[in-house]
Amino acid sequence: MGEHVLPGDPPLTVALRRSDRARRITLRVSHRDGRVTLTLPRRTPEAEALAFLQAREAWVRGHLEQVAPVQPVRLGGTLPYLGREIALRPGPVRRATLDGDTLLLPDDAARAPARIMAFLKD
């Protein structure tokens, strides 16, 4: 349906979504990436949904403060893994290999995120 930007510091982008199944207006904050979604029933006026959002702005901002910041995954950085932080370092390996608290990766920065994902799926 679209997006709405809630002014403030910082401004918040809220995805607006209409649903045939929705019976009431709902507001969700993803704790994975901080995305805010406002779902409204098909026949609910958009102005009513935006008033609902405005009334709950403090709630949204409070929940967004609890969301962990997104960390880029790259060589030289760290990654949370099984309750600890592991370092991401280039090494003389052909595939991602865990060595203590270090994940050794082939020295190819462009493919590092894909190799890390493959390691985590394994």
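Visitor: How far apart are the mean positions of the positive and negative charges of the protein?

Guide: Lys and Arg count as positive and Asp and Glu as negative, while His and the chain ends are not counted, and the place of a charge is taken as NZ of Lys, CZ of Arg, CG of Asp or CD of Glu. In this predicted model, the 20 positive and 14 negative charges have mean positions 8 Å apart. Local features need pLDDT of at least 70, side-chain atom pairs count only at pLDDT 80 or more, and totals for chains, interfaces and linings use all residues. Residues are numbered from 1 along each chain as its sequence is written, and side-chain values use heavy atoms, with hydrogens and water left out.

Visitor: Which pattern does the protein follow along the sequence?

Guide: Helices (H or I, at least four residues) and strands (E, at least two) are DSSP runs, numbered from the N terminus. Here the pattern reads β-β-β-β-α-α-β-β-β-β-α, with 3 helices and 8 strands.

Visitor: Where is Leu-82 found, and does it count as buried or exposed?

Guide: Buried means under 20% relative accessible area, exposed over 50%, and partly exposed in between, with a 1.4 Å probe and protein chains only. Leu-82 is in the loop between strand S5 (78-81) and strand S6 (84-90), and it counts as exposed at 74% relative accessibility. Although Leu-82 is not a glycine, it has a positive phi of about 50°. Across the protein, 34% of the 122 residues count as buried.

Visitor: Which residues does a cis peptide bond join?

Guide: The cis peptide bond joins Asp-9 and Pro-10, with omega about 0°, and Pro-10 lies in the loop between strand S1 (2-6) and strand S2 (12-19).
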